[in-house]
Amino acid sequence: MTDLLRPQDLKKISDDIDMERAKKIFEKMQAQEREKRDLQDVFMHRDLHPEARQRVNTAIRRAAEQGLNQIQAVTFPASYCNDRGRRINNLEADWPDSLEGFAKKAYEFYAAELKPLGFRLTAQILDYPDGMPGTVALLLSWDR
């Protein structure tokens, strides 16, 4: 004869299912955090491509052919800045000092190679998730 399930049996079944769901959510969150850290690590240690000059020339030529005088050179999370994007958001003159990793290397390339030629580089916050600076864009521009 089959025993009937008791309320405490049903509670255990529900609790087990809830625990399994929570475990899967936790594992997914851990994987996302690991991926986020890995991406940040790559960004912080990435070097300029050996063909950076050629790539810049190609990009700005293409933009000029389309009648543009600005390109979006680099984007990255504001959290990669040493002030989480505060100086860029407030348009402070020393915003380049907040750059880290690849963004800093890109700025140094601009300062050494492009600024003397008359190019300008600005930084802009593109979005504000949860009211905080989200994505930063470095914009390279020139006069037409």
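Helices and strands are taken here from DSSP runs, a helix being a run of H or I of at least four residues and a strand a run of E of at least two, and both are numbered from the N terminus. By this naming, Ser98 sits in the loop between helix H3 (86-89) and H4. The model is predicted, so local features need pLDDT of at least 70 and side-chain atom pairs count only at pLDDT 80 or more, while totals for chains, interfaces and linings use all residues. Residues are numbered from 1 along each chain as its sequence is written, and side-chain values use heavy atoms, with hydrogens and water left out.

Is Ser98 buried or exposed? A residue is called buried under 20% relative accessible area, exposed over 50%, and partly exposed in between (1.4 Å probe, protein chains only). Ser98 has 0% relative accessibility and therefore counts as buried. Its contacts, meaning heavy atoms within 4.5 Å, are with Cys81, Asn82, Asp83, Arg87 and Ile88, leaving aside residues up to four places away in sequence.

Leu91 is also in the loop between H3 and H4. At 72% relative accessibility, Leu91 counts as exposed. Leu91 is not a glycine, yet its phi is positive, about 55°.

The expected span of a helix is 1.5 Å times one less than its number of residues. The buried residues of H4 are Gly101, Phe102, Ala103, Ala106, Phe109, Tyr110 and Leu114. Among the elements that cover them are helix H1 (7-45), H2, S1, strand S2 (120-125) and S3.

H2 has 14 residues and should span 20 Å; its end C-alpha atoms are 20 Å apart, which agrees. Which residues of H2 are buried? They are Ala52, Val56, Ile60 and Ala63. These residues cover an arc of only 55° around the axis, so they lie on the same side of H2; the arc is that of the directions from the helix axis to the C-beta atoms. The buried residues of H2 pack against S1, H4 and S3. On the face turned away from the buried side, H2 carries the exposed residues Arg61 and Glu65. After H2 comes Gly67, whose phi is positive, near 80°.

Gly67 is also one of the residues that Arg144 touches, the others being Leu68 and Asn69, not counting residues up to four places away in sequence. Arg144 is in the segment after S3. With a relative accessible area of 75%, Arg144 is exposed. Arg144 and Ala64 are 80 residues apart along the chain, and their C-alpha atoms are separated by 8.3 Å.

The pockets come next. On a 1 Å grid over the protein atoms alone, a pocket is an open set of points with protein on both sides within 12 Å along at least five of seven lines, where a cavity is a set of points where a 1.4 Å probe fits but cannot get out; lining residues have an atom within 4 Å of a point. Grid points are joined across faces, edges and corners, and a volume is the space filled by probe spheres set on the points.

The largest pocket has a volume of about 490 Å³. It is lined by 23 residues, and Leu48, Val56, Ala73, Val74 and Phe102 lie nearest its centre. H4 gives the largest share, six residues. The lining has 17 nonpolar, three polar and three charged residues. Here Ala, Val, Leu, Ile, Met, Phe, Trp, Tyr, Cys and Pro count as nonpolar, Asp, Glu, Lys and Arg as charged, and the others, Gly among them, as polar.

The second largest pocket has a volume of about 210 Å³. Its lining divides into six nonpolar, three polar and two charged residues, and includes Arg84 and Pro133.

Pro133 lies in the loop between S2 and S3. The residues that Pro133 touches include Ala78, Arg84 and Gly85, not counting residues up to four places away in sequence. Gly85 is 48 residues from Pro133 along the chain, and their C-alpha atoms are separated by 6.1 Å. Asp130 is found in the loop between S2 and S3. Asp130 is exposed, with a relative accessible area of 82%, and has a positive phi of about 55° although it is not a glycine.
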